[in-house]
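The following exercises concern a structure with its sequence. Each task is followed by a solution in steps.

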Amino acid sequence: MQIDSAALNLINRFPDVTGSIAINTTAQNPGAVLGQFSDFLTEQLSNTSQLQQTSEQNIQAFASGADIPLHQVMIGMEQAGTAMDLMMQVRNKLVGAYQELSRMQF
Amino acid sequence: MDIYNILGSALTAQRLRLDTVSSNLANIQTTRAPDGSLQPYKRKQVVFAPFLDEAQQMGNMAPSLQRQADGSMLLKGGIQSDRNLIQGVQVLEIAEDNQTPMQKVYDPAHPDADKQGYVTMPNINVVTEMVDMVAASRAYEAGVTALNSAKAMDEGALQI
């Protein structure tokens, strides 16, 4: 997770790389609400952790005998796993971008 | 439209159908109501209906990015009405079967026999219930296969 926070800080220091869309829309249409890429990333991180918490609650409830169908528990586990895999891929891409930027020679 | 929610609702519906079949099979000779009054068990059936919950309808109305004529991107709230046609399934009710006639069995020694000696037994045919059971379990397997396909698609997308 240290690498993730470093990548997030990097994104915040280079806003123009991903903020050009926001500049265009807010200048010409104040109704647009597209924010920074870092906000989007933070929201996706919280979504992922929310999915994992839900999955854990489902497993505990099912193990203690609540009336939760087994397929719902499995689907929750699968969604949490897929979200985690997606987060790992995003992390890989961010780290790759950071490394490519750090390889630039002046 | 969330494919996991739709298929999850399908699995739940088929599970409930299997529960109804089990209830029918268990009560195949039930001649009284739970409070002891003389009311034979009537065969139960599930009634399905399509279903799209509020969250999914709101999701279909989620805003999306659209490119304008001058090249900028505009965030627009969209009501994609045809997306709402992709629906899950819900069980509307568990209805009693009033069409099939009740079976009359001649057994004067039975405590619930009427004056002619006939006992009104539930209108449950074991073979019909077994066919329903097989159909429900095959539909459940079909839902599981579709879920695995969706999972494989997602895993493939993560390899991009």
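**Exercise 1.** What is the accessible surface of chain B, and what share of it belongs to carbon and sulfur atoms?

*Solution.* The model is predicted: local features need pLDDT of at least 70 and side-chain atom pairs pLDDT 80 or more, while totals for chains, interfaces and linings use all residues. Residues are numbered from 1 along each chain as written, chains are lettered from A and ligands numbered from 1 in written order, and side-chain values use heavy atoms, without hydrogens and water.

The accessible surface of chain B is about 10,200 Å², computed by the Shrake-Rupley method with a 1.4 Å probe. Carbon and sulfur atoms hold 56% of this surface.

**Exercise 2.** How do the axes of helix α1 and helix α3 of chain B cross?

*Solution.* Step one: the axes of α1 (residues 3–26) and α3 (residues 126–158) of chain B come within 9 Å and cross at roughly 165°. The axes are lines fitted to C-alpha atoms over the stretch in contact, with angles from 0 to 180 degrees between N-to-C directions.

Step two: α1(B) is therefore roughly antiparallel to α3(B), a term for angles over 145 degrees.

Step three: by class, the contact of α1(B) with α3(B) has 18 nonpolar, three polar and six charged residues. Nonpolar covers Ala, Val, Leu, Ile, Met, Phe, Trp, Tyr, Cys and Pro; charged covers Asp, Glu, Lys and Arg; the others, including Gly, are polar.

**Exercise 3.** Characterise chain A, then locate N58(A) within chain A.

*Solution.* Step one: chain A has four helices and zero strands. Of its 106 residues, 25% are buried. Its accessible surface is about 7,400 Å², with 58% on carbon and sulfur atoms.

Step two: N58(A) lies in helix α3 (residues 37–63) of chain A. N58(A) is buried, at a relative accessible area of 14%. Beyond its neighbours within four places in sequence, N58(A) contacts I68(A), Q72(A) and V73(A).

Terms used. Helix = DSSP H or I, 4+ residues; strand = E, 2+ residues; numbered from the N terminus. Buried < 20%, exposed > 50% of the residue type's maximum accessible area, 1.4 Å probe, protein only. Contact = heavy atoms within 4.5 Å. Parallel < 35°, antiparallel > 145°, perpendicular 65-115°, else oblique.
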